[in-house]
Amino acid sequence: MPDERRGQLLATAAEVFAAQGYSATTVRQIADAAGLLAGSLYYHFDSKESMVDEILTAFLDELRAGYDAVLAAGLGPRETIESLVTESFRQIDRHRPAVAIYQKEAQHLADRHPRFGYLADARRRFARAWLGTLERGVADGVFRADLDPRLTYRFVRDTVWVAASWYRPGAQHAPEEIARQYLSIVLDGIALRS
């Protein structure tokens with residue numbers, strides 16, 4: 001039961017951090033949202049920094065495992081991009097508040113708190129996975145020769161991850177359907193071919 005309660009408190013903290021931002025959120029606001037006295041949170045966590053650290057670590061560990069499984073599957077470049085996008089939407093579905101926190105707060109946290117150095121490492125690791133796949137696709141003739149892999153990576157990354165700002169689990173479309181639609185637009189465009 002204590003682990004379940006801790007998980008509930010982290011889920012509440014994640015929602016509050018995502019809505020208000022890490023710096024603007026107080027322990028009292030998290031406690032109020034959880035229906036606790038502020039001091040009671042310290043029974044479970046020593047600081048709000050520890051809470052956001054656990055939230056981000058859980059998300060990034062799961063994202064890393066998902067991406068590693070995609071990269072280990074030995075797929076072609078197009079299929080790898082498709083699988084990375086789909087895995088990203090699955091993570092948004094599972095960890096929407098954590099994704100929002102990561103998007104808004106990772107740079108600030110990494111710059112201000114040494115314990116968050118892993119955020120910059122994760123960003124570099126994920127960028128290498130995407131860039132390596134895009135570069136392989138250009139080299140293999142799967143993607144256009146004039147494609148700028150870095151610019152393309154930034155476009156796809158931002159297009160996918162911004163969905164955390166509007167996506168809600170249990171909504172009209174499953175993450176896989178949203179990924180399919182995004183991929184259709186990114187890989188095939190929106191104009192009819194003559």
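The protein holds 8 helices and 0 strands, where helices (H or I, at least four residues) and strands (E, at least two) are DSSP runs numbered from the N terminus. This is a predicted model, in which local features need pLDDT of at least 70 and side-chain atom pairs count only at pLDDT 80 or more, while totals for chains, interfaces and linings use all residues. Residues are numbered from 1 along each chain as its sequence is written, and side-chain values use heavy atoms, with hydrogens and water left out.

Along its principal axes the C-alpha trace spans about 65 × 40 × 30 Å. Of the 194 residues, 42% are buried, that is, under 20% relative accessible area with a 1.4 Å probe and protein chains only. Among contacts (heavy atoms within 4.5 Å) between residues at least 6 apart in sequence, 69% join residues at least 24 apart.

In soluble globular proteins, nonpolar side chains tend to be buried together. A nonpolar core is here a set of buried Ala, Val, Leu, Ile, Met, Phe, Trp, Tyr and Cys residues joined through side-chain atoms within 4.5 Å. The largest such core has 57 residues, of which Phe 17, Val 85, Phe 89, Ile 92 and Tyr 102 touch the most other members. Each of the helices H1 (2-20), H2 (27-34), H3 (38-41), H4, H5, H6, H7 and H8 supplies at least two residues of this core, and the largest share, 12 residues, comes from H5. Leaving aside neighbours within four places in sequence, Tyr 102 is in contact with Leu 56, Phe 59, Leu 60, Leu 119, Ala 122, Arg 123 and Phe 126.

A volume is the space filled by probe spheres set on the points, which are joined across faces, edges and corners. In the table, Ala, Val, Leu, Ile, Met, Phe, Trp, Tyr, Cys and Pro count as nonpolar, Asp, Glu, Lys and Arg as charged, and the others, Gly among them, as polar.

| Pocket | Volume | Lining residues by class |
|---|---|---|
| Largest pocket | about 390 Å³ | 11 nonpolar, 1 polar, 2 charged |
| Second largest pocket | about 270 Å³ | 9 nonpolar, 2 polar, 3 charged |

Of the 14 residues that line the second largest pocket, the closest to its centre are Tyr 102, Gln 103, Arg 123, Tyr 153 and Arg 157.

Notes. On a 1 Å grid over the protein atoms alone, a cavity is a set of points where a 1.4 Å probe fits but cannot get out, and a pocket is an open set with protein on both sides within 12 Å along at least five of seven lines; lining residues have an atom within 4 Å of a point. Buried means under 20% relative accessible area, exposed over 50%, partly exposed in between (1.4 Å probe, protein chains only).
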